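Please look at the sequence and the structure before reading the points below.

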Amino acid sequence: MPQRVITGQGSKLGRTIHGLAYDAVHDEIIVPNALADAILVFRGSANGDEPPIRVIQGPWTRLVTPHSVSIDPEHGEILVASLTGKRINVYRWDANGNAAPLRVISGPQTQLGHLVGIAVDPVQNLMAVANSEDILIFNRTDNGDVAPRTRIAGPKTGITDEPWQMQFYKGKIYLAASNHLHVNLYSGVTLKESSKAVPDDPWLNPTLGFVGIWNITDNGDVPPRAMIRGPFSGLLHPVGLALNPEDGEIYVSDSVRNGILSFLVPDLLESKDQNSSSDHKE
Amino acid sequence: MKRRSSGVFFVLAGIVSCAVGLANSGSDDERRSKPYPEDIPAARRVIDPYPALNGIAVDPQNDVVIASDPNRKSLLFYKRSRSAMENAQSRPVRQIIGPATYIGMVASVVVDSQRREIFTANNDIEDTVVVMPYSAKGNASPMRVLSVPHQAWGLALGKSSDELAVTAEIFNAVVFYRREAQGVEAPLRVIRGPKTRLADPHGIYWDDVNAEIGVANHGNFRGVIHNNGGGCAPGPAKSYPATSETAKSESNKSEAAEEGGEFRPPSIAIFSANAKDDQAPLRTIEGDATRLDWPMGIAEDSAHNTIVVSDNGDNSILIFDRQRGGNVAPVRIIRGERTGISRPMGLAVDAKNGEIWISNYGDHTALAFDSAANGNIAPKRILRSAPAGTPTPGFGNPMALAYDSKRSQILVPN
């Protein structure tokens, strides 16, 4: 049983939550509500039908189906990836109401597509997003229609479709590479002309997902430097991912299992390179 | 080590860290009894081994109750008139489960008792409605699979028009198909637009006698639909201040104000059964007096001329006068410790036997109440998908995680 549950109409939560972040500096929980174009911020100890202490929502926010959030405690910023808005919005950590973003990355140069994961490295001033079929890395302070500085993509990466939640830790990207195959036959509620047949169940993709770890400086068709995957791992199509470096644990949620798996892997959370001393290049 | 979060614990089997490639994943590898270095067993798991009951339908003609189960990805048939033997798990008459079934993150379920067919909606991300015959069992292939818009939740069958209605949460829409639609088939009509007052719709019922459709709304509303009707397409960028810097000099706030998301009150919107496009509801139940709080399953009770709603956020069943709208109080409320209501999701009315059925997502049960029940009253019968007292994490496709380092807790959204 959960130790506490934030729930109910008063919480302003939606029942479709694809992102989550905990701000340890301010002891706050940050949750996107994609169906109301809003970012909710709760007390860290929130419980029950408790309202958020702040809500970022309104036309000036430029929020469009916000799905993923990350916190940059070093610079006091909340980063938001919009799944269908194809944009990254950055707000002050204490933004509230109809607040305009500090920065917005969007436009054709960005290569932003189906965004579900986002993470920031405040030390190296880099930011990564889990894009449609790849990982895009931007400078943390990029703004406007800018090209990513690097892109991790290709068959060696093992990423096939919709990489999901990611985290940064000590110069490394930790990714839940779901590898489900989601084919959307509709544009809104209108059937696309190109739609001809019902696709297979997206969770039956025989190419299973995994947890992959890359260096933030990797670029191109680079294999993960370390992975968790395979039948003994219990991972089928992992989507959520959180790190607990103090206890050497990586937590992963799996949509098919409808549950959480905890991997005790202190080696994977050490700062040493898991593969070699040099960065991978394409 | 610090205190652990809630979960199932088992012994750590091994830790290996190394660089790996992606080439060694052939069928021979899958038959290995020893894991590859990267195939690290989980030290702990929080996974519910029992079915979690989400949608529910009742067919008094055939004496069955059918529940959808997004946890094990199955449909369960129970004998309607049977109750759990004390605290034991109820044995289903049949279960449909397996990769051939297309059953995934299933939400609503409705039945066509005349044709002995079950319809269930895959919510996220399968985007399908699956139709099974009553006779299906185990890893059965569906009779029909229909592609529907993303985030389908509620289902209703219109007997007079021979249609299937599907709610789509993110698009604030009700989409209608031929009852026998399958594969890739365009909707016959759609209710959608600002006049409809649809906002994150979930449960839906079809009242053939009064030619009405009722929809339960959570109130989450995406403003972009105001202007372009393009669903996920963002509005024109020129309507917005680009960033906080440019916001200081913007003067078009009123124009842009139509684009932002909103939290609207939860509501029940009742439409004409032949409504379409941006048509306003006939009446709407909305306001503080209604006590609506994440309304989920909904049904019409012709015997009492009422609308019955499972109120997830308030652990209650709300019963409204069918003909009234506005900020009206329920005529009856089933709520309290004796009811056993725990995070109710699906709801069905058995007019023949005078019963209201709900599925509890909070504790592995489905409950049958007398349809005239009121107040803190015990259910007539209980079906259990797990032994009484079995805890449930309550997960519903958890697609993100966070770690609360201050409390040593894993945060899980649903």
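The model is predicted, so to speak of local features a pLDDT of at least 70 is needed, and side-chain atom pairs count only at pLDDT 80 or more, while totals for chains, interfaces and linings use all residues. Residues are numbered from 1 along each chain as its sequence is written, and chains are lettered from A and ligands numbered from 1 in the order in which they are written.

**Where the two chains meet**

- In this model, 101 residues of chain B are in contact with 100 residues of chain A, where contact means that the C-beta atoms of two residues, placed from the backbone, lie within 7 Å.
- The side of chain B that touches chain A consists of 56 nonpolar, 26 polar and 19 charged residues. Here Ala, Val, Leu, Ile, Met, Phe, Trp, Tyr, Cys and Pro count as nonpolar, Asp, Glu, Lys and Arg as charged, and the others, Gly among them, as polar.
- Strand 21 of chain A (residues 259-264) pairs with strand 2 of chain B (residues 44-46) in the antiparallel sense over 3 bridges. Strands are DSSP runs of E with at least two residues, helices are runs of H or I with at least four residues, and both are numbered from the N terminus; two strands pair if DSSP finds at least two bridges between them.
- Within strand 2 of chain B, B:Arg45 stands opposite A:Leu261.

**The domains of chain A**

- Chain A is assigned domain 1 (13-144) and domain 2 (153-282), with bounds that come from an automatic or database domain assignment.
- The C-alpha centres of these two domains of chain A lie 20 Å apart.
- Between them, 16 residues of domain 1 of chain A are in contact with 15 residues of domain 2 of chain A.
- On the side of domain 1 that touches domain 2, strand 9 (117-121), strand 10 (126-130) and strand 11 (135-139) of chain A each give two or more residues. Strand 9 of chain A supplies the largest share, 4 residues.
- By class, that side of domain 1 of chain A has 8 nonpolar, 5 polar and 3 charged residues.

**An open sheet in chain A**

- Four strands of chain A form an open sheet in the order 9-10-11-12, with antiparallel pairing. Its edge strands, strand 9 and strand 12 (150-152) of chain A, each pair on one side only.
- Strand 10 and strand 11 of chain A pair over 5 bridges in the antiparallel sense; A:Phe138 in strand 11 is the bridge partner of A:Met127.

- Chain B contains 4 helices and 30 strands.
- In chain B, 55% of the contacts between residues at least 6 apart in sequence join residues at least 24 apart.
- An open sheet of 4 strands in chain B has the order 21-22-23-24 and antiparallel pairing. The edge strands are strand 21 (295-301) and strand 24 (332-335) of chain B.
- Strand 22 (residues 306-311) and strand 23 (residues 316-321) of chain B pair in the antiparallel sense over 6 bridges. B:Ser316 in strand 23 of chain B stands opposite B:Asp311.

- Leaving aside neighbours within four places in sequence, A:Ile173 is in contact with A:Ala119, A:Ala128, A:Ile135, A:Met166, A:Phe168, A:Ile213, A:Trp214 and A:Ile216.
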